[in-house]
Amino acid sequence: MKIAIRYYTKGGNTKKLADAISQATGIAAESVEQPLAEDVDILFLCSSVYWAGVDEKVKAFLKAPGHKIGKIVNVSTAALIESTYKQIKSLAAEAGIALDKREFHCRGSFAALHRGKPDQNDLENVKKFAKMIVEEA
Ligand SMILES: Cc1cc2nc3c(=O)[nH]c(=O)nc-3n(C[C@H](O)[C@H](O)[C@H](O)COP(=O)(O)O)c2cc1C
């Protein structure tokens, strides 16, 4: 079972989730600017929204990930929206990549909103989520 973790972060919130998944799985978490080094069965894709859209670098990665992706598992932080699932679903569909129905989302701090998020509890929860995905695969 080949697994990879990619993230895009502007302020560090989403990277916290990617790093927690890395701790739980023993797989390095890398930026979406780093193409995949090999075909993977599961890609944990950690993203966020900025003025309602995912960053261009996430879009560019999904258009040209470097290698085949069996399925994406969506992981996100945001201040207001429920998750990036909808955005990633449409980008994954365009790229012909399957997207797991299960996802992990938590609030991410933004200005005075959600200070301290993701917090320790979120990091523990995303670790449990990642382990569950990997163990059930
Ligand atoms: C420039 C900017 C625009 C944002 N726009 C939105 C938005 O439209 N909707 C939303 O829910 N959150 C928005 N946020 C909040 C981010 O999604 C939230 O802070 C997220 O955790 C940022 O992740 P990061 O620290 O990994 O970049 C915005 C944040 C920034 C910095």
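Predicted model: local features only at pLDDT ≥ 70, side-chain atom pairs only at ≥ 80, totals over all residues.
Residues are numbered from 1 along each chain as its sequence is written. Local features need pLDDT of at least 70 and side-chain atom pairs count only at pLDDT 80 or more, while totals for chains, interfaces and linings use all residues.

Trainee: In what order do the elements of the protein chain run from the N terminus on?

Mentor: Helices (H or I, at least four residues) and strands (E, at least two) are taken as DSSP runs and numbered from the N terminus. The protein chain holds 4 helices and 5 strands, and their order is β-α-β-β-α-β-α-β-α.

Trainee: Why is strand 3 largely enclosed by the rest of the structure?

Mentor: A residue counts as buried if 20 or more other C-beta atoms, placed from the backbone, lie within 10 Å of its own, as exposed if 12 or fewer do, and as partly exposed in between. Strand 3 spans residues 40–47 and is largely enclosed because, of its 8 residues, the number buried is 7.

Trainee: Which residue is the bridge partner of tyrosine 7 in strand 3?

Mentor: Two strands pair if DSSP finds at least two bridges between them. Strand 1 (residues 3–7) runs parallel to strand 3 and is joined to it by 5 bridges. Within strand 3, the partner of tyrosine 7 is cysteine 46.
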